[in-house]
Amino acid sequence: MSAPLVEVSSISRSYSMRSGMFGRATAVHAVDGVSLTIPKGETLGLVGESGSGKSTTGRIVLGLEPPDRGEVRFGGKSMAAPGTPAWRAQRARMQMIFQDPLGALDRRLAVATQIREPLDIHSLGTPAEREERVRELLRAVELTPAHGARYPGALSGGQRQRIVLARALATKPDFLVCDEPVSALDVSIQAQVVNLLCDLQAQLGLTLLFISHDLRVVRQISNVVAVMYLGRIVEIGSADDLFARPEHPYTQALVSASPAPGRRSAGRIVLSGDPPNPAARPQGCAFHPRCPRAIARCASEVPALSAVGGERQVACHLVTGPQAETQDAA
Amino acid sequence: MGRYFAIRIGRAALTIVLVVTFAFVVLRLSGDPALMILGPEAPPEVLAAFRKAWGLDDPIWFQYLDYFGAIAKGELGRSMRDGRPAIELVLERIPATLALTLPAFVFKVALGIPAGIYAALHRGSAIDRTVMITAVAGFTVPSFVLALLLVLVFAVQLGWLPSGGQDSWRHAILPITTLSLGGAAVLARFTRSAMLEVLGQPYIRTASAKGVPWRKVVTSHALPNAAIPTVTILGFMVGTLIAGAVVVESVFAWPGVGRLLVVAVANRDLAVVQCILLLVAMTMVTSNLIVDFLYGFLDPRLRAKGAHA
Amino acid sequence: MTDATLKDTAVRRRISLPAIPVSVALAITWIVAMLVIAAFAEKIAPYGFTQLDLRNRLSPPGNVAHWLGTDELGRDVLSRLLVSIRISLLIAFGATAISAIVGTTLGFLAAHFRGAVEQLVLMLTDFQASMPFLIMALAVLAFFGNSLPLLIGLMGLFGWERYARIARGLAISANAQGYAAAVRQLGATPSRIYLRHILPNIASTLIVSTTLVFPEVILMESGLSFLGLGVQPPMTSLGNMVGYGREYLTRAPWIMLAPATTIVVTTLAVSVIGDWLRDRLDPTLQ
Amino acid sequence: MSPLVSIRDLGVAFNGVAVLRGVDLTLQKGEALGLVGESGSGKSVTWLAALGLLPRHAKVSGSVRLDGREILGAPASELDQVRGGRVAMIFQDPASALNPVLTIRKQLCEALALHRDLSGDAVRADALRLLNLVGIPDAARRLSAYPHEFSGGQVQRIMIAMALAGNPDLLIADEPTTALDATIQAQILELLSTIRREMGMAMVLISHDLGVVAENCDRVAVMYAGRIVEHAPSNQLFADPVHPYAQGLIGALPPLDGPRRRLTAIPGTVPDPAHMPDGCAFAPRCALAAEACGLAAPTLAPIAEDRAVACIRAEASRRALLGIAAE
Amino acid sequence: QGDNRPSVTIAVQKVTNANVLDVLREQSNVGERVFFSSIWEGLISKNWRGNLEAVPGLATEWRRIDDQTVELKLRQGVKFHNGDELTAEDVVFTFSRERMFGETEAKSRTTIQAFEKIPTPRPGKELPPDVPAVARRIWPDLVRVDAVDKYTVRFYNATPDVTIEGRLQRYGSDIMNRRAWEESASYLDWARKPITTGPYKVVELRPDVSLTLEAHDEYWGGRPPLKRIRFLEVPEVASRINGLLSGEYQFACDIPPDQIAGIEKNAAFEVQGGTILNHRLTVFDKNHAVLANPLVRRAFTHAIDRQAIVDSLWAGRTRVPKGLQWEFYGDMFNADWSVPAYDPKLAQDLLKQANYKGDPIPYRLLNNYYTNQVATAQILVEMWKSVGLNVQIETKENWSQIMERAPTRAVRDWSNSAAFNDPVSSLVAQHGPNGQQQQIGEWTNVELNKLSEFLETSTDREARKKAFRRMLEIAEREDPAYTVLHQNATFTAKPKSIKWKAAPAFAMDFRAGNFEA
Ligand SMILES: Nc1ncnc2c1ncn2[C@@H]1O[C@H](COP(=O)(O)OP(=O)(O)OP(=O)(O)O)[C@@H](O)[C@H]1O
Ligand SMILES: Nc1ncnc2c1ncn2[C@@H]1O[C@H](COP(=O)(O)OP(=O)(O)OP(=O)(O)O)[C@@H](O)[C@H]1O
Ligand SMILES: [Mg+2]
Ligand SMILES: [Mg+2]
Ligand code: NI
């Protein structure tokens, strides 16, 4: 493993939410003490419950939003303050693919222009080279120059997603945060995109933070996968291993629920109970109200993320705690 | 929140001081009230007596300090024309002005915004074109022309309404109409354009897909998204409620604050001008503060961001 | 597809725009005509614009000698109109441009920096909005005197506060939208975000504001020339013709109607073109 | 039994470029149809066109009947009854599809008030129920939040709740679970199938997640370049795809276990809709393409009961598939 | 018993400039319209229905005791609006320090002195600062007024003065009720509702809006024909005309000459009125580099076709007067005098002699402060241009800018009114040593100044007339200070059905005998 490119140390971020204009504000703890390291040239897959703070983590890691607490270091240095020239210059090296491609595109500019934009911004190449690069990128994401001349509103969902991807790749960044980059693509194109990313990684040492709900794709592309639940990382481990032997009960549920054609919900763990509320975190382990195997301790004590052998770390009393207590629950 | 308001109120106060100071300097340096009030044929010694009596011979900074000293004591000064307290003069006129501008404001809104919406709804149709041409004509035709045309038709030709004066509500109809038409035209233009901006957005399609009738899509989905320009303009319009009807007031012989202001400026009757400006600036600043607040109300994304206030 | 096709499609898109609508064509023709008139006013004018004819005052339009009649001094209205168009267009276009640029820039600055800058800009807009333009004009007169560039500059102060506030409001709103955030994270400089992305997205409203300021500036010029700031008699301008013609509205309406119509039609043309440009800018409405 | 919806020869063109080139589909009451296919093949446009939601410059032809009544080009008042009430749609870009300046409550209640004769407190109670149903935590408070305050997946679920608000007879779910993690996705799909069972709601599920389609749909249609190229009961399709494109699609699915291998995409690129090949649109990319494929576009022809495919080399392709399987 | 007299509404451009009804505060002509003859009356009146010649007013007869003293017999039985009878005491009070002169002193002076010391205004009945100054300008040397008996008063002047009767007749010497003054709380209260002897009494003054008068039924000159008169301020000409046409106003005042034809097109209406005691002037700054040469100024005066201006802009309804003088001067009037002849040839010659090279000469102009001002200015500029004078209009916003001392001050507009029937009230007052023109340093002339002094102090009528003649020669011909353009005029429109005759002045006479509907 090479030197870490991105180091995230216990970042937190909460939003205030008020009901109505004058209502009382409640804090929504979207991300709560997340630490990650991503070695150069590798991919960290980030999966987890919807609303668990993946996108927020991605934005903070990229320096688009400051964390309330904690720090992000990029290439050994801490992140420049947003909006400064140094921060802007850094953008050529790190890019984001937003979860909502339609929202991330300017509806008044032809998409080719928007793909070209990062090149213009960072003055990469001559105008002719930029044109060439745009065509190349369009081709790489399976689009034609005719698509490039269109406006975002006149593209299909998948096409827009590919435009956003192409734009993010334009500057050949070192680090890419992909927030659901392939969710709207059919499997064939998805395969091409995943292959493209893998190729880039191989050729250029691209580092990826890959957020997705599609466990297959995550497994395909990631070296390490982190699982988030309610703003915290509950399990982290190498991709193959994690999906093959999930340890945390939530991870287990997640993997078992992943659908596949031809395999009908056999052995699927169905979670019951209320979805977790980031504004009112349950005491103890956040997952315990829904955990099929929860024990008394889970309700009172927050499990820490601790190593359980190999690269695997899990935050669960059942896994890391004394074995004796494991059996009571069921 | 406290800080939020403190900053804004501080700024508002500063704005008002700035307005008053600027007006003071300009009015004092650009003409001699004595000559303007007493007229060009007034004998020199009469002029001199007048200047002396009102302290116009003092250095300007001295007059300025004097003025603010008086304000600190709650004295807004006296009109140099008849020596009456300026505030009395101004307050006496305010009801008359508001009697025109307030209803006109209501009509502007009631006429302009629906017209703009309607035109946007029927974009490109004959109705749209008619509304927009009328609107352009509405704010391009000088209001005194409009006023005189209305008078010619409704007062002179038809004899339905009085041509001027302030004796009954019927006297207010034509001035209010004149004021409303121009403002409504402006609002219609802004509303239509902002509306068109929004009608292409995906959430409009969502609303349609929910089965919301088009009319309602426009009013309850597009309108709030398109409201910023319209609200901004409304803010300015509220700010001009007090002194913004000069032309109409003079065509319709309607003694309002606008006319008082023009006369007072022409006479360099400083105390009166300042009194009016004070009121105008206060309304303007307040209404713009409210507009700012409304932005947040209209677009939740503009409310103070971040968790830790 | 090759390089050529990409360019090709772009070019074709531009050329194969649905044919310019009749109204826009008319509007463009009108503006071009105005510009031509402005350029050659004195050559086209049948009479000198100061040439008096006291025996032929207030003669109505339609006679061969004076197509548009004569004014209160027996001067040819047509000739004066032509000369007026030149000076008024210069002033109106100049002032409108200044006011749009100043206002929008300040609005963007406020939206970008927020905090102290924003409060300052808001203070200035409130100041401008509360200060009767008459007093602004008196200030310019008192401190700077009178000249054409000064006049245009002063008029450029007219209406900027509306641009500033609208631009600020819309820019703040745009900033909160995904596309601005996306471009910002690409590393775009603020000027790029504001000029290339936000500006086109809020242009339509600013264009409307422009079409509003345009006639107001022309008409206001007459008020200023009464104060000694605008063009001085016997020089003429559209605003001046309207202003002095006002007294003759019932007696000799043609003195005023010709310039007033010119103002209305020109504004209409500007706004038709503005609307059309805006629709061009907005691919979502095609 | 007459079909709930029948689409005949639906065509859509933008600026003279045809993107839908004759789509035929029928849907029975309570049925779940999966719609899969190439990105940009016209899945979304099909339904937008059917509901009259395309921008004005789109040229729509053909016929769409709901319970035998033509709804293409129907007057607005009639469409407003259909949209949201009888046919509801979940849009693909939920974050952009929600009105940013209205609270979730307002947007939900609007749909409820329009199609469910509810009023006042009942509406609010029902809005809350719907949010809980789709698993939004802290629903009561979050009702008064705005779309930008939700995560991608939450917005998507709100979108779903909104579509369900009108108790539609037909739900068009355009990629309804892309932003959901597997457990919530399972819950949501479970919810949808419960509603379908209980209310007899039909559903069109547009998705790239073949697993989701396989699990939730009775029948699947595969689209390619503006046409339906294959059409089959879902278990048969995934077990035994006939059209070469369908085969390629299923082959490209990455595995969740086993050794990692490079994913196999279908070679070649999608044809430009402005320059469609004369014959079969897939021919240029098809390993089995014969000369005849380039001449005329094949029509959807039945190959078995309930199955149809638009490929003149259907037999060959089937054999090829079997061959691969045999190897 | 009902009062079935009609009421009228009169649309005017401005009711009063000073916002009060005190004759000593209102300095403009427009006040004359509401003051005379409705509210205020002097001891000696002008004949409003004739040619403004002196007629008995509140005094029935007057005689000179000596060069410095005049005695007047008051009319008996004159009732003030508050019912009091007019007595000598009221007259004495009217000319008292308390009401008129403040702390100013009547000194035996050679000529009118500028720059008095005057107290600053304080609340209460303190006089506004300009009142004593104005009063002293009217009565520079009045020592006191004595009541000889209840109906006889004597005016004592510090110096011999032939103009005492004239001054008694002038604007500002009008009589007020003493009790009313004493009963009112402040000067302002009084000045907004003065109690006088006129045929109408004040009901309400709304500053800048309207003035309502009501018949004073005990008026000595007979029961007034109108129940109420309302002067309504309607600033726009067109609005005044429209209101007249639509029947809301019975009179529309301040009608510009160009509108007359338009109104009279309607057979039911007519426009009355005409010249007033005010001449329009073009004034020169002798210190301007080009104008320093009197030949150039003379060229200016000869290049003007005054009659053309009168004929075109004034529809021939006014006239070119015989210089800065009026017929009502009586024996001081120089009937054989005239304004410089229109002679472009001569003007060109003069310019040649003056070696004028076409340097631009600024013309400071206000926007229509005077009727037809801008139009006249443009005509003048063209006329001057045709003889070779390069005059350039510079519009100004106010009078201080017009009068501002600077090398660019050269030509400007002005007017001059005759307050009473002697050149002291006009030529001396404005162009004499203490007149505005000299005070602001535009022009001066040693000989004229000497003659001014003479005119003010001499009682030799023949010599005075000669001196005046010489002054006209200096100020209008030799070393022009100004040149007269035309007499000013005011026009009032009304329905023909109302029988009413306009005075040759702003004053509107609504006494018995001059109104019938
Ligand atoms: N407004 C439009 N103008 C022009 N072309 C359009 C417009 N909307 C869609 N298209 C084109 O129509 C085709 C079909 O689009 P559609 O959105 O139906 O694709 P889709 O099958 O839903 O794809 P995806 O899975 O990527 O969402 C695409 O090629 C798209 O580019
Ligand atoms: N601006 C905001 N105001 C209030 N709450 C917010 C805001 N943005 C995000 N949240 C909340 O923070 C939590 C985390 O959101 P985030 O978008 O990071 O989730 P996510 O893991 O990306 O989920 P998904 O997979 O559904 O996209 C959510 O509960 C969301 O509701
Ligand atoms: Mg997310
Ligand atoms: Mg789609
Ligand atoms: Ni907190």
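A: Of the 330 residues in chain A, 62% are buried, where buried means under 20% relative accessible area, exposed over 50% and partly exposed in between, with a 1.4 Å probe and protein chains only. This is a predicted model, in which local features need pLDDT of at least 70 and side-chain atom pairs pLDDT 80 or more, while totals for chains, interfaces and linings use all residues. Residues are numbered from 1 along each chain as its sequence is written, chains are lettered from A and ligands numbered from 1 in the order written, and side-chain values use heavy atoms, without hydrogens and water.

The metal is a magnesium ion, ligand 3, and its coordinating atoms are OG of A:S55 and OE1 of A:Q99, at 1.8 to 2.3 Å. Donors here are N, O and S atoms within 2.8 Å of the metal (3.2 Å for Na, K and Ca); water is not among the atoms, so the site may look incomplete. A:S55 belongs to helix α1 (residues 54-61), and A:Q99 to the loop between β6 (94-97) and α3 (101-104), so the pair ties together parts of chain A that are 44 residues apart in sequence. A:S55 counts as buried because its relative accessibility is 14%, whereas A:Q99, at 22%, counts as partly exposed.

Around this site, chain A has twelve helices and twelve strands; these are DSSP runs, with helices (H or I) of at least four residues and strands (E) of at least two, numbered from the N terminus. The C-alpha trace of chain A spans about 70 × 50 × 45 Å along its principal axes.
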